[in-house]
Amino acid sequence: MSYISLAILFMLSGFFMKYSDDLFDVRHEIRLASLIGVLCGVASGFATVYSIDAAYIFIAILIGNLLALKVDGIHHVITLIVFVLICLIFGIPELSLVILLICILAALSDEVGHELISKATENKFLNLFFEYRFVMKVVILLLAISGIFNIWIFVCFILFEISYEVAGIVFEKLN
């Protein structure tokens with residue numbers, strides 16, 4: 001799979017993830033949120049089975065969100081099921097437990113920081129850092145700089161994050 005295709009899957013995953021959440025959380029549209037969640041599961045699932053670096057990222061995001069108790073709606077459960085089915089059917093690359101744990105801790109730190117620290121501190125840097133979940137970005141960049149990840153996966157992850165934010169803007173404009 002080319003990095004362009006992988007970048008597109010990352011962007012679709014980020015966009016669908018946020019849009020599904022906003023549909024469920026704000027408009028309480030369970031069916032549409034679930035349908036868009038399926039699209040998120042497909043995009044992130046195919047990225048996971050085709051790229052070991054993407055596998056670390058998406059599996060870590062999934063486990064980090066599970067541990068942070070952020071899987072809190074049927075749309076999340078449906079997305080999770082689609083993601084897991086794709087991974088089971090097509091198989092995932094062999095992963096290093098150490099690298100996966102590093103990524104899981106980064107994802108979990110982002111979720112905990114986003115929910116607790118960014119709302120409890122007056123420190124503008126910490127607010128910004130955790131509001132936009134920078135722990136995972138920094139970890140992925142460090143893994144890329146160290147040669148563990150390909151640097152293009154960092155670019156793909158930034159595109160995922162940009163698409164996630166764009167989805168929030170689009171949702172607000174349409175509602």
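Me: How do the axes of helix α1 and helix α2 cross, and at roughly what angle?

Reply: An angle between helices is read from their N-to-C directions, and angles over 145 degrees count as roughly antiparallel. In this predicted model, the axes of α1 (residues 3-25) and α2 (residues 30-50) come within 8 Å and cross at roughly 155°, and the two helices are therefore roughly antiparallel to each other. Their crossing is left-handed.

Me: Which residues make the contact of α1 with α2, and how many of them are nonpolar, polar or charged?

Reply: On the α1 side the contact includes Leu6, Leu9, Phe10, Phe16 and Phe24, while α2 contributes residues including Ile30, Ile36, Leu39, Cys40 and Phe46. Sorted by class, the contact has 18 nonpolar residues, 4 polar residues and no charged ones.

Me: At what angle do α1 and α3 pack, and which residues make their contact?

Reply: The angle between α1 and α3 is about 10°, and their axes are 12 Å apart, which makes α1 roughly parallel to α3. The contact is made by Leu6, Phe10 and Ser13 on α1, together with Ala54, Ile57 and Phe58 on α3; by class, that is 5 nonpolar residues, 1 polar residue and no charged residues.

Me: Which residues of α8 are buried, and what do they pack against?

Reply: A residue counts as buried when its relative accessible area is under 20%. Among the buried residues of α8 are Ile153, Phe157, Glu161, Tyr164, Gly168 and Phe171, and the buried residues of this helix pack against α1, α3 (52-67) and α7 (134-145).

Me: Is phenylalanine 171 buried or exposed, and which residues is it in contact with?

Reply: Phenylalanine 171, whose place is in helix α8, has a relative accessible area of 4%, so it is buried. Leaving aside neighbours within four places in sequence, phenylalanine 171 is in contact with Tyr19, Asp22, Leu23, Val26 and Arg27. Phenylalanine 171 and valine 26 are 145 residues apart along the chain, yet their C-alpha atoms are separated by 9.8 Å.

Me: Where are histidine 28 and leucine 69, and what are their phi values?

Reply: Histidine 28 sits in the loop between α1 and α2, and its phi is near 55°, a positive value in a residue other than glycine. Leucine 69, which is found in the loop between α3 and α4, has a phi near 60°, again a positive value in a residue other than glycine. For accessibility the cut-off is over 50% for an exposed residue, so histidine 28, at 59% relative accessibility, counts as exposed, and leucine 69, at 71%, counts as exposed too.

Methods
Residues are numbered from 1 along each chain as its sequence is written. This is a predicted model: local features need pLDDT of at least 70, side-chain atom pairs count only at pLDDT 80 or more; totals for chains, interfaces and linings use all residues. Side-chain values use heavy atoms; hydrogens and water are left out. Axes are lines fitted to C-alpha atoms, for helices over the stretch in contact, and angles run from 0 to 180 degrees between N-to-C directions. Helices (H or I, at least four residues) and strands (E, at least two) are DSSP runs, numbered from the N terminus. Angles under 35 degrees count as roughly parallel, over 145 as roughly antiparallel, 65 to 115 as roughly perpendicular and the rest as oblique. A crossing is left-handed if the near helix is turned anticlockwise from the far one by less than a right angle, and right-handed if clockwise. Contact means heavy atoms within 4.5 Å. Ala, Val, Leu, Ile, Met, Phe, Trp, Tyr, Cys and Pro count as nonpolar, Asp, Glu, Lys and Arg as charged, and the others, Gly among them, as polar. Buried means under 20% relative accessible area, exposed over 50%, partly exposed in between (1.4 Å probe, protein chains only).
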